[in-house]
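Dear colleague,

Please find below the structure that I am handing over to you. My notes on it follow directly after.

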Amino acid sequence: MARSSEADLAVVIVNYNAGDYLERCLASIAAHRGDVTLDVLVIDNASADDSHTRAIAAHPWARLIENPENVYLSPAWNQGIRETSAPFVLLLNPDTEWWRGTLADYLRAALEHPRAGIVGPLVRNSDGTVYPSGRVFPSVTDAVGHAFLGSVRPGNLFTQRYHMEGWDRTTEREVDWVSGCCMLFPRRAFDEVGTFDEAFPLYGEELDMGARLRAAGWSILFTPEVEILHEIGVSTGRSRRTLVTHSMSIYRYYRKHRALGWRRVTLPLAWVVLRLRAEIEWTRGRFAGR
């Protein structure tokens, strides 16, 4: 590891009650570093557990910033971007583990594509199956169809188009956006388009950043050169509050990037549809859990 000013790559991990996952994440970074110098920064958002102190005690080469309150994800990411100075910044969830390849391989992929504003890896669920990171911005029809059918009929046509079914994710390609659980940025991209919009404190921030970067002429790259495991929802869970927060973040994205011109008249309907979807998913989840 290296001091911030000497590192090739800064790794910023925002932690909130991640339990043992954070320590496992740091252990996997150490095991899969490769020949790259790292500045690893953990920002803890006032966790009620002791995950951050235990993880840093086990891996004292990582730095720790403890926020006195939970400022949520985008503000904490921006904090980490400011607190580091390496030419590349990796934003990594605490519930991820490196699976295949090294951070040096990941950085190499970014260096080979100098106009890639974000590089995302192949993401696997905890059972080893491939998570469909690397997607298109869906049409309104596909977004609505996926929202209401995706969790009950995942093979529906809307979800297939949104998830880019037919692509096995073993090949590198440009996409519209990648999962926020693991995103590698050249710092030059932040210098050009700015850091994260804190109006998206949780959810939707990777959609917004992807849209902003693409509008500025950057590309979003998916690479299978490296793979990670991701245990989804360790810090956020799936409460009614998080579902509503997600729906409102998607509404902000639609209002900011998609509801332009005459589509402004669709904003009230979009708000209702997204809130309805959140309530349906919450109700469905409660019954499924019984």
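Predicted model: local features only at pLDDT ≥ 70, side-chain atom pairs only at ≥ 80, totals over all residues.

**A buried serine and its surroundings**

Ser 249 counts as buried, with a relative accessibility of 0%; here buried means under 20% relative accessible area, exposed means over 50%, and partly exposed lies in between, with a 1.4 Å probe and protein chains only. This residue belongs to helix H9 (residues 240–258). Helices (H or I, at least four residues) and strands (E, at least two) are DSSP runs, numbered from the N terminus. Apart from its neighbours within four places in sequence, Ser 249 is in contact with Phe 200, Leu 202, Tyr 203 and Gly 204, where contact means heavy atoms within 4.5 Å.

Residues are numbered from 1 along each chain as its sequence is written, and side-chain values use heavy atoms, with hydrogens and water left out.

**The chain as a whole**

The protein chain contains 10 helices and 10 strands. Its radius of gyration is 19 Å, which agrees with the value near 19 Å that a compact globule of 290 residues would have; the radius is taken over C-alpha atoms, and the globule rule is 2.2 Å times the number of residues to the power 0.38. Along the principal axes, the C-alpha atoms fill a box of roughly 50 × 45 × 35 Å.

Of the 290 residues, 51% count as buried. Among contacts with a separation of 6 or more, 79% are between residues 24 or more positions apart. The accessible surface of the chain is about 13,100 Å², and 54% of that belongs to carbon and sulfur atoms; the areas come from the Shrake-Rupley method with a 1.4 Å probe, and for residues only the protein chains shown count as cover.

**Helix H8 and Asp 208**

Helix H8 (residues 205–215) is the element in which Asp 208 lies. Because 9 of its 11 residues are buried, H8 is largely enclosed by the rest of the structure. The buried residues of H8 pack against H3, strand S6 (116–125), strand S9 (182–186), helix H7 (187–193), strand S10 (219–230) and H9. After H8 comes Gly 217, with a positive phi near 95 degrees.

Asp 208 itself is buried, at a relative accessible area of 1%. Not counting residues up to four places away in sequence, Asp 208 touches Asp 197, Phe 200, Tyr 253, Lys 256 and His 257. With His 257 there is also a polar contact of 2.7 Å between the two side chains. A polar contact is a pair of N or O atoms within 3.5 Å; within protein, one must be able to donate a hydrogen and the other to accept it, and residues adjacent in sequence count only if both atoms are side-chain atoms.

**Helix H3 and Tyr 72**

Helix H3 (residues 73–83) is also mostly covered, with 9 of its 11 residues buried. The buried residues include Trp 77, Asn 78 and Gln 79. Tyr 72 is found in the loop between strand S3 (63–67) and H3. Tyr 72 is partly exposed, at a relative accessible area of 32%, and has a positive phi near 75 degrees although it is a residue other than glycine.

**Arg 135 in its loop**

Arg 135 lies in the loop between strand S7 (130–131) and helix H5 (140–149), and is buried at a relative accessible area of 7%. Its side chain reaches the backbone oxygen of Pro 132 at 2.7 Å. Beyond its neighbours within four places in sequence, Arg 135 is in contact with several residues, among them Tyr 162, Arg 169, Asp 176 and Trp 177.

Leu 9 lies in strand S1 and counts as buried at 1% relative accessibility. The C-alpha atoms of Leu 9 and Leu 103 are separated by 8.7 Å, although the two residues are 94 residues apart along the chain. Leaving aside neighbours within four places in sequence, the contacts of Leu 9 include Val 36, Phe 88, Leu 103 and Leu 184.

Asn 17 lies in the loop between strand S1 (9–15) and helix H1 (20–31). Asn 17 is partly exposed, at a relative accessible area of 24%, and has a positive phi of about 55 degrees although it is not a glycine.

With kind regards
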